[in-house]
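Please walk through this model one part at a time, with the sequence and the coordinates open side by side.

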Amino acid sequence: MLDNGLVKIIIAGEGGQGVQTIGELLAEAAYISGKKALYIPNFGVEQRGGVSIAFVQISKGEIGAPKFQKADLLVVLSQRSVERTRDYLKQGTIYLYDESNIQAPLIDDQAVGVHGYDTVAPEAFAKMVGTKEGEAITPPKQKDLTILGIPAAKVAKEQLTPRVFNIIILGALVSVSKVLEAEKIKEALERKLGEKFKLHPELRKLNFEALESGIHMGLDALTKEE
Amino acid sequence: MITESGGVKMAKETLAGEYQEILNNEKEMFMTGNEVVAWAALAAEADFMYGYPITPQNEIMYYWAKLAPAFGRGFLQTEDEISAGFTMLGGALVGKKTFSATAGPGNILMQESISMAEMMRLPGVWIIQQRGGPSTATVIYSQQEFRLTTTGGNGEGMRLVYSTSSHQELFESTIKAFNNAWKYRFPTFVLGDGYQAKMREPVVLFNPKLRNWEIIAAEPIAMKSGVPYLERDPVHLRNTFNIEEELYDILSGHLADFRRMKQEVVEWDEGGSEKADLLVVAHGIVGRAAISAVKTVNNQGLRVKYFRPITVRPFPGEALRKIVSEEPELKILVAESAYGQLLSVVKEELYGLANTIESYLKPGLGITAEEIEEILVRLGKKEG
């Protein structure tokens with residue numbers, strides 16, 4: 001994907017799904033790998049509809065404006081995010097979404113104070129991550145997209161814990177984007193959560209398992225697509 | 001007076017050592033713009049920050065309050081921006097390098113103290129992370145504080161304003177801002193925006209002294225040692241005058257100083273095609289989008305130049321005029337996230353030249369490289 005030197009990635013989901021953490025870790029890992037990286041959250045007092053968007057650019061060369069109009073890779077984690085991100089699609093966009101029939105946790109408009117940008121460690125959102133069954137996301141019908149569905153929320157709920165949902169997504173992004181090594185993501189995780197990992201080593205294990213699980217999901221989805 | 005225990009003192013020294021090492025070793029870091037500003041203030045040897053919270057600059061206060069105590073430097077959260085602005089001036093009077101950071105409505109409230117600084121020639125550094133306006137509007141982003149920051153207040157806009165477009169430039173311009181504020185004694189600003197405040201990208205932090213940058217020290221302006229009249233000249237700082245002529249004489253002197261300063265501080269960035277049909281003028285983060293667009297369209301065969309003022313006050317007008325007057329057919333595009341604030345300055349600087357000026361004005365809205373590319377392609381085609 002780095003053939004043209006620059007990959008533009010958008011991650012969109014509900015306020016509590018850890019979208020900004022994914023964006024931040026992804027950019028940090030790219031930076032650790034010696035690539036140019038730029039991450040900017042879509043922040044506000046309260047985003048209308050509660051959809052949180054992270055913009056990430058990874059490049060070999062200099063990066064221009066922090067935001068962009070069309071995404072090479074779009075990660076969509078809730079139904080509302082499908083609508084919210086429609087304008088960022090272009091021919092050939094890789095569309096990665098969570099196909100589990102688990103309801104994304106909606107933050108209603110009353111939830112003042114949940115700022116998109118200060119979304120912190122996934123464990124802080126234990127209660128906010130979706131666990132209830134509901135409608136799965138319906139991706140767009142356009143034929144010129146590469147659509148990849150992964151059962152992230154389902155696996156998080158049944159095999160790990162809903163808290164590591166976003167780390168699974170991050171793992172899948174490693175496989176799908178093909179611009180980063182898993183080791184660098186682990187390094188970024190250590191930088192961000194190192195202190196917590198020291199106190200609770202089981203958290204490291206859990207996060208790394210989630211990452212591995214996501215990497216496999218991403219690879220499986222790519223195989224199915226072919 | 002609270003005395004520090006030996007343990008606290010030791011912990012501070014250890015932290016100060018760690019921070020100093022990061023600067024001395026020219027360490028590259030991956031951080032937000034707000035964090036960059038706090039580091040730059042530390043590197044520029046700022047003494048004290050006075051501030052009042054407002055998004056999107058809050059983290060400057062947060063990081064400064066985290067970094068500064070290790071070096072015995074201070075932070076005070078005042079009751080509002082009016083107070084933050086005036087306490088800054090008090091600090092400057094007794095010889096402290098003081099600064100503040102604000103945005104939007106906070107920038108408006110600080111104008112009173114900034115005007116006073118302009119009149120009394122008191123130094124200070126203000127970091128402005130522009131948000132949407134007018135009024136509370138958005139906490140996100142804009143370039144709508146260009147006019148307020150460059151020429152706000154009831155005076156002549158004798159201010160030095162840097163508009164930055166990358167974290168590296170933000171770090172370096174903040175250090176320059178401190179130096180030039182205390183060198184020339186005009187209110188000095190770093191005009192950033194919410195995007196730069198919140199985005200993360202790499203930056204090389206450094207100790208300016210190890211790069212042989214001169215760090216201008218702050219000296220007491222009032223409360224100097226010695227007996228006035230007997231041992232030294234008295235200090236007489238005024239912001240009130242009884243006679244028109246008296247004010248006029250003082251202002252004429254300040255304006256002459258301001259014109260002299262212009263020659264020494266004015267900065268800009270220009271580039272792109274050697275011979276050009278089009279010239280894009282943009283500042284700050286939009287300047288960055290413009291440069292990236294110019295590179296793309298020039299690779300597709302267009303001939304486009306760019307001009308990005310770094311000091312937007314004083315404005316590098318002569319440099320811009322030189323480029324434009326050399327090519328009578330050159331068409332100009334001004335792009336900004338405001339409704340003509342930069343555009344009016346460009347028009348003023350190019351007064352009398354016949355070149356066409358087009359504009360792309362998006363008040364309060366980010367501008368991407370793709371949008372500018374599209375316009376350049378359209379304008380380029382009309383030309384051919």
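**An enclosed helix in chain B**

Helix α2 (residues 33-43) of chain B is largely enclosed by the rest of the structure, because 11 of its 11 residues are buried. A residue counts as buried when 20 or more other C-beta atoms lie within 10 Å of its own. The buried residues of α2(B) include B:Glu35, along with B:Asn34 and B:Trp39. Just after α2(B), B:Glu45 has a positive phi of about 65°.

This is a predicted model, and the predictor's own scores come next. Chain B has a mean pLDDT of 96, with 98% of its residues reaching 70 or more. For the complex, the predictor gives an ipTM of 0.90 and a pTM of 0.93.

The domain assignment divides chain B into domain 1 (8-211) and domain 2 (269-383). The C-alpha centres of domain 1 of chain B and domain 2 of chain B are 28 Å apart. Their contact draws on 23 residues of domain 1 of chain B and 20 residues of domain 2 of chain B. On the side of domain 1 of chain B that touches domain 2 of chain B, the elements giving two or more residues are α6 (146-151), β6 (160-163), β7 (188-193) and α8 (194-198) of chain B. Of these, β6(B) gives the most, with 4 residues. Sorted by class, this side of domain 1 of chain B has 8 nonpolar, 12 polar and 3 charged residues.

Now turn to a sheet in chain B. It is an open sheet of 5 strands in the order β9-β11-β10-β13-β14 (chain B), and its pairing is mixed. Strands β9 (268-272) and β14 (357-361) of chain B are the edges, each pairing on one side only. From one strand to the next, the twist averages 20°. Strands β10 (residues 278-281) and β13 (residues 331-336) of chain B run parallel and are joined by 4 bridges. B:Leu279 has B:Ile332 as its bridge partner in β13(B).

Helix α10 (residues 284-299) of chain B lies across β9, β10, β11 (304-309) and β13 of chain B, and runs at about 165° to β11(B).

Several loops of chain B have backbone features to look at. A cis peptide bond with omega of about 10° joins B:Thr55 and B:Pro56; B:Pro56 is in the loop between β2 (48-51) and α3 (58-67) of chain B. Another cis peptide bond, with omega of about -10°, joins B:Arg313 and B:Pro314. B:Pro314 is in the loop between β12 (311-313) and α11 (317-326) of chain B.

Positive phi values also occur in loops. B:Ala137, in the loop between β5 (125-130) and α6 of chain B, has phi near 40°. B:Ala137 counts as partly exposed because it has 15 C-beta neighbours inside 10 Å. B:Tyr229 has phi near 75° and lies in the loop between β8 (200-204) and α9 (244-265) of chain B. With 8 other C-beta atoms within 10 Å, B:Tyr229 is exposed.

Chain A has 6 helices and 6 strands, which run β-α-β-β-β-α-β-β-α-α-α-α from the N terminus on. Of its 226 residues, 52% count as buried. Among contacts in chain A with a separation of 6 or more, 80% are between residues 24 or more positions apart.

A:Leu173, in helix α4 (residues 165-177) of chain A, shows such pairings in detail. A:Leu173 counts as buried because 27 C-beta neighbours lie inside 10 Å. Apart from neighbours within four places in sequence, A:Leu173 is in contact with A:Leu26 and A:Val75. A:Ile22 is 151 residues from A:Leu173 in sequence, with 9.4 Å between their C-alpha atoms.

What joins the two chains? In the contact between them, 19 residues of chain A meet 19 residues of chain B. On the side of chain A that touches chain B, α1 (19-32) and β2 (36-41) of chain A give two or more residues, and β2(A) gives the most, with 5 residues. By class, that side of chain A has 13 nonpolar, 3 polar and 3 charged residues.

Conventions: Residues are numbered from 1 along each chain as its sequence is written. Chains are lettered from A and ligands numbered from 1 in the order in which they are written. This is a predicted model: local features need pLDDT of at least 70, side-chain atom pairs count only at pLDDT 80 or more; totals for chains, interfaces and linings use all residues. Domain bounds come from an automatic or database domain assignment. Two residues are in contact if their C-beta atoms, placed from the backbone, lie within 7 Å. Ala, Val, Leu, Ile, Met, Phe, Trp, Tyr, Cys and Pro count as nonpolar, Asp, Glu, Lys and Arg as charged, and the others, Gly among them, as polar. A residue is buried if 20 or more other C-beta atoms lie within 10 Å of its own, exposed if 12 or fewer, and partly exposed in between; C-beta atoms are placed from the backbone. Two strands pair if DSSP finds at least two bridges between them. Axes are lines fitted to C-alpha atoms, for helices over the stretch in contact, and angles run from 0 to 180 degrees between N-to-C directions. pLDDT is the predictor's confidence in each residue, from 0 to 100.
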